[in-house]
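Reader: Hi! Could you show me how to read a few features of a protein model?
Author: Happy to, let us look together.

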Amino acid sequence: MPERLQKILAQAGYGSRRACEDFISAGRVRVNGQIASLGGKADPVIDKITLDGRPIAAAETIIYIALYKPRNVLSTVESERGDDRQTVRDLVDVSGHLYPVGRLDFESEGLVLMTNDGDLTNKLTHPKFGHEKEYRVLLARRPDTDQFEAWKRGVVLEDGYKTQPVNVRFEGAQGKGAWVRVVMGEGRKRQIRETCQQLGLPVVRILRVRIGSLQIGNLKPRQWRYLTMQEIEGLKGKEKKTSRQ
């Protein structure tokens, strides 16, 4: 049965539908030798579909894995050329295409979802869906009331972008510093670190503990596990999760 090309590519494990649309727009996809156009359809059973000249793989079994990314590991599938740093893909000994959902910066740690479900990847990363991510952040000094309120309202970063309001609460003291809990619906690169820099709050540690409805649970650094059916259904659910007050 003919289906949209971006859906076929996503189901074969080549990334989210948005990423696959970019492949098509860039002229990298051909159907029976002809360059495909965005919105085009094909039947993977009878049509020859190629990406960069190579036949696409058959649709893969969909896999969902929760991983505890330790510090100093890249949340990418491959390192940059000449970069021998370890990636999250190196930590998961499962064959096939697997991609991390969203980014967690090199120095940060915690929950990463690894999957080849392009539709779910798009749903969890596209800003319009507003799926929450929750973090525990260790600060070198305790925030005062003004810093907390500014963080909650939104902070203008160095590049001029103003962050959306977030749910931030004090969790406990640690020496001269403090643990705080941060729940946010957007995920700009290094947003927590840059926000804290603007507020004059040195960051010691960032630990992501939740993505949408998925919790890190008892995972330890470098450990991973398959998601339960209940967890998968929770991530695919249509109801938007709300912040815990």
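Author: We start with pockets: on a 1 Å grid over the protein atoms alone, a pocket is an open set of points with protein on both sides within 12 Å along at least five of seven lines, and its lining residues have an atom within 4 Å of a point. Grid points are joined across faces, edges and corners, and a volume is the space filled by probe spheres set on the points. This is a predicted model, where local features need pLDDT of at least 70 and side-chain atom pairs count only at pLDDT 80 or more, while totals for chains, interfaces and linings use all residues. Residues are numbered from 1 along each chain as its sequence is written, and side-chain values use heavy atoms, with hydrogens and water left out.

Reader: What is the volume of the largest pocket, and which residues lie nearest its centre?
Author: Its volume is about 1200 Å³. Of its 46 lining residues, Ser75, Pro100, Gly102, Arg103 and Leu104 lie nearest the centre.

Reader: Which helix or strand gives the most to this lining?
Author: Helices (H or I, at least four residues) and strands (E, at least two) are DSSP runs, numbered from the N terminus. Here α4 gives the most, with four residues.

Reader: How do I read a nonpolar core?
Author: Nonpolar side chains tend to be buried together in soluble globular proteins. A core is a set of buried Ala, Val, Leu, Ile, Met, Phe, Trp, Tyr and Cys residues joined through side-chain atoms within 4.5 Å; buried means under 20% relative accessible area, exposed over 50%, and partly exposed in between (1.4 Å probe, protein chains only). The largest core here has 29 residues, and among those touching the most other members are Met114, Trp151 and Val180. A second, separate core of 17 residues includes Leu113 and Leu219.

Reader: Where do the buried residues of α2 sit around its axis?
Author: The buried ones are Cys20, Phe23 and Ile24.

Reader: Is arginine 193 buried or exposed?
Author: Arginine 193, found in helix α6, is buried, with a relative accessible area of 16%. Leaving out residues up to four places away in sequence, Arginine 193 touches Asp105, Glu107, Ser108, Val203 and Ile206, where contact means heavy atoms within 4.5 Å.

Terms used. 1 Å grid on protein atoms, 1.4 Å probe; cavity = no way out; pocket = protein on both sides within 12 Å on 5 of 7 lines; lining within 4 Å.
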